[in-house]
Amino acid sequence: MASHEKNLIAARGKMLRDQLRARGIDHPGVLEAFSALPRERFVPPEHTEDAYADRPLPIGYGQTISQPYIVALMVQALDPRPDYRILDIGAGSGYQTAILAGLVSHVYAIERIEKLTEKATAVLASLNVTNVTMCTGDGSMGMPAEAPFDGIICGAGGPDVPECWGDQLTDGGRIVMPVGGPHSQVLVAVEKHGDRIRRRELCGVRFVKLIGKEGWPED
């Protein structure tokens, strides 16, 4: 095994220990998914050495791949289960999509920028991830044609949780997304039980904007 590959494997192990387990990520499936997936495949070549760094990285087109801990926190809050159908909004690099694909029955992923959709689709195919349906579109409107979903997760910050997402969620399902202003947000987990909505705040975050009809207008 080449030293470069050994270094990346070591960095992945350190990420699991220092960034995830040490901060309370304890869902066995989530930890296993992060351990198995080569994050370096989802970042531009010039950032390969930093693939497991504790920070977001640029992926082009003004977008980022979130730091590993935040991805893990969001996926854990979603409480994914093997029979679930999940909607992943703002798929970006496809990393979070691939993590979810290892945990649930099927992931429906939507990305606003077509070039990122194409790149993510190619990476997922190269890793033989087959239980993903990826498309380009306005994620703020969800994906009503494929609803209902057992969970909805969003990698972009909006002014609030779009009402239409709740309509596309199964009873008992969850939505995890950043909510707030265009420059800083609070990560929230929303759980639907009949007509009741339970909402809890997880932590402060800073995400790119959710652009779309039910999000922020494009600059």
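Me: In which hand does helix 1 pass helix 3?
Reply: Happy to start there, with the reminder that this is a predicted model. Helix 1 covers residues 3-20, and helix 3 covers residues 68-78. The crossing of helix 1 past helix 3 is right-handed.

Me: Is helix 1 roughly parallel or roughly perpendicular to helix 3?
Reply: The two helices pack with their axes 10 Å apart, at an angle of about 70°. Angles of 65 to 115 degrees count as roughly perpendicular. Helix 1 therefore sits against helix 3 in an arrangement that is roughly perpendicular.

Me: How many residues in the contact of helix 1 with helix 3 are charged?
Reply: From helix 1 come Met-15, Gln-19 and Leu-20, and they meet Pro-68, Tyr-69 and Ala-72 of helix 3. Sorted by type, this contact has five nonpolar residues and one polar residue, and the number of charged ones is none.

Me: Which residues have the most contacts inside the largest nonpolar core?
Reply: That core holds 52 residues, and helix 3 supplies its largest share, nine residues. Leu-20 touches Met-15, Ile-25, Leu-31, Phe-34, Pro-68, Tyr-69 and Ala-72, leaving aside residues up to four places away in sequence. The residues with the most contacts inside the core are Leu-20 and Phe-34.

Me: How many residues are in the other core, the one with Trp-165?
Reply: This core lies apart from the core of 52 residues. Among its members are Tyr-108, Trp-165, Met-177 and Val-208, and its count of residues is 20.

Me: Which peptide bond is cis?
Reply: Most peptide bonds are trans. Here, a bond with omega near 10° is cis. Pro-148, in the loop between strand 5 (132-136) and strand 6 (149-154), is one of its two partners. The cis bond runs from Ala-147 to Pro-148.

Me: What is phi of Tyr-61 near?
Reply: Most residues other than glycine have a negative phi. Tyr-61 belongs to the loop between strand 1 (57-60) and strand 2 (63-65), and it is partly exposed at a relative accessible area of 45%. Its phi is positive, near 60°.

Me: Is Asp-79 buried or partly exposed?
Reply: Asp-79 also has a positive phi, near 55°, and its place is the loop between helix 3 and strand 3 (85-89). Buried requires under 20% relative accessible area. The value for Asp-79 is 21%, so this residue is partly exposed.

Methods. Residues numbered from 1 in each chain as written. Predicted model: local features only at pLDDT ≥ 70, side-chain atom pairs only at ≥ 80, totals over all residues. Heavy atoms only, no water. Core = buried A, V, L, I, M, F, W, Y, C linked by side-chain atoms within 4.5 Å. Buried < 20%, exposed > 50% of the residue type's maximum accessible area, 1.4 Å probe, protein only. Helix = DSSP H or I, 4+ residues; strand = E, 2+ residues; numbered from the N terminus. Contact = heavy atoms within 4.5 Å. Axes fitted to C-alpha atoms, helices over the stretch in contact; angles between N-to-C directions. Parallel < 35°, antiparallel > 145°, perpendicular 65-115°, else oblique. Left-handed = near helix turned anticlockwise from the far one by under 90°. Nonpolar A, V, L, I, M, F, W, Y, C, P; charged D, E, K, R; others polar.
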